[in-house]
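Reader: I have a few minutes before my next run. Can we walk through this one together?

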Amino acid sequence: MLWTSVSKSKKILWAAGLICVAILINLILSKLVLFFEIPIYADCIGTIIAAMLGGTLPAVLVGFCSNAINGISNLTTLYYGIISILIGVAAALFQQNGFFRSALKACIAVLTFAVFGGILGSVLTYFLYGYDFGEGISAPFSLAIYNHFGFSKFFSQLSADFILDIIDKSIVVAIAIIAHRLLPLKLKHLYSHIFLFDPNLSEHPHQFGNYKIRRSLLRKVIVIVIIAEILLGALASVTGFVLYRQVSVGKFTDIAHGLTEAAAVAIDADRVDEYIAQGENAEGYLKTEANLYKIRNGFQQAMYLYVYKILEDGCHVVFDLDAEDGEEGSDPGSIIPFDPSFEPYLPQLLKGETIDPIISDDKYGWLLTVYKPLKNSEGKTVAYVAADISMGEVLIDQAKFFIKLLSMFFGLSIIIMSIVLEFVNRGIVNPVNRMASGAIHFAYNLEQSSVSSIQELDSLSITTEDEIEYLYKALTKTCKDSVNFIIRLEKAAERITLMQDEIIINFAEMVEARDNSTGNHIKKTAHYVEAIAKELQREGKFSEVLDDAYIAKLKRSAPLHDIGKIAVSDLILNKPGKLTDEEFEIMKSHTTEGCNILTKIEENASDSMDDDYLKEAIEMAHYHHEKWDGTGYPTKIKGEAIPLSARIMAVADVFDALVAERIYKKPFPYEKAMSIITEGAGKHFDPVVVEAFCRISDELYKNRTVLNHKHSGEGNAA
């Protein structure tokens, strides 16, 4: 546990080191290009390098922290943090999918970064500051586009930002790729393990044995987290927007109230009727009007400022200032009809009472209007000072807040999501994947190497200290118990197989012992069959059938080829002279009797014996006296219709009979025996089998005495 704790501490230090160094790269390079007045930004090189080394988490932390540090001196920089975060996320995805190893794909990455930095950044700037080109890096370029192409200020600035960002991100990506390639491979592997980031994931899809993962657990978690973040973000943004909308209207209402309060102080209410009657000719009118302009200019949000005396016939103009957009105000003394939206308030206005702010949408536009009663020295309302603020200004204010809210919320949400996903990946997905991989590897390699599979499971060392660790321990114990059980079963099966073989050999020897002339015939023919089959395999003959497993079955089956002789009388088996036709027919029945005996064994003991092995034994016993030309017995089949096992046994059986001493004959010399075998090729025997046998017959003949000693301890010469 102590070693694990120390290892974790080292990993945390390495991770923190990467993040700090990457942040310094962003800050230092951005300050340097600003100091030397180089027309690029160079503020996300560290972010991209962090993404290439460690994936999403370090990249988004570096991107946001870089903006946060710059935001100490300029708070609005924080709102651009979402751009740096998106660039970090995209860089991690591009690295994981090999985009930085291809020039063409690297260009796609550059364009993507330019969309985030140029287009999204330009839109953010529009909502936060509006467009008047300003003094930024792209300002001269924007102005040139505006003057030469006639674009609007918005599209001129957007175009300039996007083009300059393509140049900037091309340089940034090139530097990041070079820096990443220069880093030691050991360091890259270190960070990929610290952050569980596989930069070659797309080249090695999740695959366990023959099973390929189509929907990884991590992707499902990512989708769930993203959906949750979007829903939460939408709810928080709408709630915040609704609340701020009330605050925003109240703020602009306060501004309008302040404007009317200041204007009311500047007007001599006792001279209102004089101002209406004489207009600009009235003493002090122009001076008061000038003061009103100054007051209005101090409130940038104000669109209109005017003073009306409300009478039954309409609004009598006292002051009506020209609008900043050039729209001229009405002359003093003129009468303006009531707007429909004000008609509900006429009774209060005619009485000189205070009314609530009014939001109207008529011929003067969508306005927020505040009316303040102008009272004379006697306290009587003689007119109203009114201020109009465009609701467009209110909406812009609300839009700015909404954009700031979205920028901050989703920026922080991506960071939180990255941290959550890192913990989920580290604490759930990665351990589960490792267990799944180990379990599948165990399942698919159980027959080949069960011990190494268990060692692989043990080496996972999953220590999450929760249900996953308990599951891992249970899985490991289950696999170990399974392996031990399988080992015991294999040993038991091996003992049973050896016992079966021994019983079969003894049974066959008991049958053979009734024939005094055979002399270890079954053991020698089994050896010959194996040797012939291996030679055919070496030559590539019958490759669709002859493999090591088939040859092993042939060797096990061979001793049973004459099992049917148990049904033949001893008198016939041991007759020293030539058999009569009737006796020979009885002798030939040993093939069908052997087939019947073995078939019954197969039917009665198929659950406890090797079916394939018995099938070969049945075929060999039944057909080993068939001939290639169809003149054999008992079924007179010919050619390749005769099973391969029986065709091989036919050569081995006849050869041993020829060179061995029997009651009714002396052993044939090797040359004579081989002459009979070769003459029988294509008639009695399969010519391919004979050809293979000829290559090994001399060695088999020389070793026959050794076989006699080996199997029975007897030394009779053949």
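Reader: Which residue forms a salt bridge with Glu583?
Author: Lys575 does. The closest N and O atoms of that pair are 2.6 Å apart. Keep in mind that this is a predicted model.

Reader: Is Lys575 buried, partly exposed or exposed?
Author: Lys575 is partly exposed, with a relative accessible area of 23%.

Reader: How many salt bridges does the structure hold?
Author: It holds 18 salt bridges. One of them pairs Lys555 with Glu530, with the closest N and O atoms 3.4 Å apart.

Reader: Where do Lys555 and Glu530 sit in the chain?
Author: Lys555 is in helix α17, residues 548-557. Glu530 is in helix α16, residues 521-538.

Reader: What about Asp562, which residue does it form a salt bridge with?
Author: Lys565, with the closest N and O atoms 3.5 Å apart. Asp562 is buried at 8% relative accessible area. Lys565 also counts as buried, at 15%.

Reader: New topic, the inside. Which residues touch the most other members of the largest nonpolar core?
Author: Ile48, Phe94, Phe100, Phe113, Val173 and Phe195. That core has 50 residues.

Reader: Which helices each supply at least two residues of this core?
Author: α1, α2, α3, α4, α5, α7, α8 and α13. The largest share, eight residues, comes from α4.

Reader: What does Val173 touch?
Author: Leaving out residues up to four places away in sequence, Val173 touches Ile48, Phe100, Val110 and Phe113.

Reader: Back to cores. Which residues does the second, separate core include?
Author: Among them are Ile532, Ala650, Val651 and Val654. That core has 36 residues.

Reader: Now the outside. Which residues form a nonpolar patch on the surface?
Author: Leu24, Ile28, Leu32, Phe35, Phe36 and Ile38. Together they have about 630 Å² of accessible area.

Reader: Where is Leu32 placed?
Author: In helix α1, which covers residues 2-35. Leu32 is partly exposed, with a relative accessible area of 40%.

Terms used:
Residues numbered from 1 in each chain as written. Predicted model: local features only at pLDDT ≥ 70, side-chain atom pairs only at ≥ 80, totals over all residues. Heavy atoms only, no water. Patch = residues over 30% accessible without salt bridge, like charges linked within 9 Å, V, L, I, M, F, W, Y side chains within 5 Å. Areas by Shrake-Rupley, 256 points an atom, 1.4 Å probe, with all protein chains shown as cover. Salt bridge = Lys/Arg side-chain N within 4 Å of Asp/Glu carboxyl O. Helix = DSSP H or I, 4+ residues; strand = E, 2+ residues; numbered from the N terminus. Buried < 20%, exposed > 50% of the residue type's maximum accessible area, 1.4 Å probe, protein only. Core = buried A, V, L, I, M, F, W, Y, C linked by side-chain atoms within 4.5 Å. Contact = heavy atoms within 4.5 Å.
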